[in-house]
Amino acid sequence: MTTNHLAARAGRARRWRVPQRQVPVLATLALLLVMYGVGVSQYRAFSDIQVVLNIFIDNGFLLVVAVGMTFVILTGGIDLSVGSVVAMTAMVSASLLRAGLPPALVLLIALLIGPTLGFAMGCVIHLFDIQPFIVTLAGMFFARGMCTWISATSVPITDGFWTGVAQERIRVGGNFVTYSVLIALAVVLVAAYTLAYTRLGRNVYAVGGNPQSALLMGLPVGRTKIAVYTISGLCSAIGGILLSFYTLSGAPLIAVGMELDVIAAVVIGGTLLTGGSGYVFGTVLGVGVLGVIQTLITFDGSLSSWWTKIVIGGLLFAFILLQRLVGIRKK
């Protein structure tokens with residue numbers, strides 16, 4: 001065989017080879033399809049399109065928060081405050097609505113809570129060179145404490161605008177979605193565009209890949225880190241508003257442990273915990289996997305809800321191992 005033939009064969013092999021960074025995302029997609037196939041084979045109603053739409057209706061707020069966490073983890077950081085910020089946003093919204101403030105003003109105030117706290121945490125992380133785990137843990141305790149300070153009991157929402165948005169059904173053929181799904185979809189599209197086509201997105205990947213090299217290249221490492229925590233805070237605030245639409249209330253203990261579900265969705269979606277590799281589309285798949293697990297357990301009826309945590313724990317181990325193996329092969 002001639003050298004030209006060997007070169008042509010090698011070229012074809014390279015064209016068909018899956019890039020290393022896409023392997024975890026494709027694994028998540030394959031897992032999601034297999035799980036959905038199992039559901040369809042076991043339960044006839046599982047094939048209904050509305051079942052799929054219900055997964056995103058029930059997890060729209062989780063998806064938005066997970067998108068913000070994707071930015072943080074891509075830089076190699078972590079944000080443990082997201083669940084508490086979601087709860088604080090819902091509590092503030094419910095309390096201000098009960099006090100009689102206009103819904104538009106309540107939305108504005110609620111949307112400012114998350115990015116303000118995120119900006120503050122990002123500044124502390126960058127300026128004082130403190131580990132994100134510690135800073136965001138402090139943010140988590142602060143936000144959760146504020147929830148209890150606002151009210152030790154649940155605050156119902158009876159405002160007409162809020163209940164109208166919460167109960168509105170948008171027809172999609174013979175099925176329906178809610179405004180929360182559309183808002184979540186908009187957040188996903190904006191985030192995907194930002195990471196793929198903007199300077200901020202390129203900086204996020206560069207900082208996560210190697211912060212020292214990014215700094216030597218003259219990239220704004222500090223501003224990028226502050227930006228991603230601000231984005232995470234904004235997504236948490238939006239998620240808190242969507243959760244208040246979903247529950248029509250605010251409660252001091254709502255969204256406890258959500259930060260763990262969010263991190264699980266991002267990691268299962270193929271984003272490396274060490275940063276530098278991952279996609280928003282993978283995060284969508286990760287949230288879909290969590291939603292399908294919950295739906296399968298609900299359809300079964302005989303399994304405890306704790307099985308959701310058990311299965312997610314097993315999947316996390318598997319995907320962390322997969323990420324490690326991909327990293328070793330890359331080296």
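**View 1. Residue I241 within helix α11 of the predicted model.** I241 has its place in helix α11, where helices (H or I, at least four residues) and strands (E, at least two) are DSSP runs numbered from the N terminus. With a relative accessibility of 6%, I241 counts as buried, a word that stands for under 20% relative accessible area, whereas exposed stands for over 50% and partly exposed for the range in between (1.4 Å probe, protein chains only). From the C-alpha atom of I241 to that of P132 the separation is 25 Å, the two residues being 109 residues apart along the chain. Residues are numbered from 1 along each chain as its sequence is written, and side-chain values use heavy atoms, with hydrogens and water left out. Because this is a predicted model, local features need pLDDT of at least 70 and side-chain atom pairs count only at pLDDT 80 or more, while totals for chains, interfaces and linings use all residues.

**View 2. The largest pocket and its lining.** The largest pocket holds about 720 Å³ of space, and 32 residues line this pocket, of which N59, D261, Q294, T308 and K309 lie nearest its centre. The search runs on a 1 Å grid over the protein atoms alone: a cavity is a set of points where a 1.4 Å probe fits but cannot get out, a pocket is an open set with protein on both sides within 12 Å along at least five of seven lines, and lining residues have an atom within 4 Å of a point. Grid points are joined across faces, edges and corners, and a volume is the space filled by probe spheres set on the points. At least two lining residues come from each of α3 (49-74), α11 (221-247), α12 (258-268), α13 (280-300) and α14 (306-330), and α3 gives the most, with seven residues. Sorted by class, the lining has 18 nonpolar, eleven polar and three charged residues, where Ala, Val, Leu, Ile, Met, Phe, Trp, Tyr, Cys and Pro count as nonpolar, Asp, Glu, Lys and Arg as charged, and the others, Gly among them, as polar.

View 3. Helix α2 (residues 23-42) has 20 residues and reaches 29 Å from its first C-alpha to its last, close to the 28 Å expected at 1.5 Å a residue, the expected span being 1.5 Å times one less than the number of residues. P24, V25, T28, L32, M35 and G39 are buried in α2. They cover an arc of only 100 degrees around the axis, which puts them on the same side of α2; the arc is that of the directions from the helix axis to the C-beta atoms. L33, V34 and S41 are exposed on the other side of α2. In the unreviewed UniProt entry, residues 22-39 are among the spans given the feature "transmembrane region", and such annotations may be inferred rather than shown by experiment, with positions given in the numbering used here and feature names shortened. The end C-alpha atoms of residues 22-39 lie 26 Å apart, and this span is 94% helix and 0% strand.

View 4. F176 is found in strand β3 (residues 175-177) and, at 22% relative accessibility, counts as partly exposed. The C-alpha atoms of F176 and N54 are separated by 8.8 Å, although the two residues are 122 residues apart along the chain. Helix α8 (residues 179-197), with 19 residues, reaches 27 Å from its first C-alpha to its last, close to the 27 Å expected at 1.5 Å a residue. The buried residues S180, V181, A184, V187, V188, A191, T194 and L195 belong to α8. They cover an arc of only 155 degrees around the axis, which puts them on the same side of α8, while L189, V190 and Y197 are exposed on the other side. The UniProt entry also lists residues 176-196 as "transmembrane region"; this span is 86% helix and 10% strand, and its end C-alpha atoms lie 30 Å apart.

View 5. L248, found in the loop between α11 and β4 (249-250), has a positive phi of about 50 degrees although it is not a glycine. At 22% relative accessibility, L248 counts as partly exposed. A255 is found in the loop between β4 and α12, and its phi, near 65 degrees, is a positive value in a residue other than glycine. At 13% relative accessibility, A255 counts as buried.
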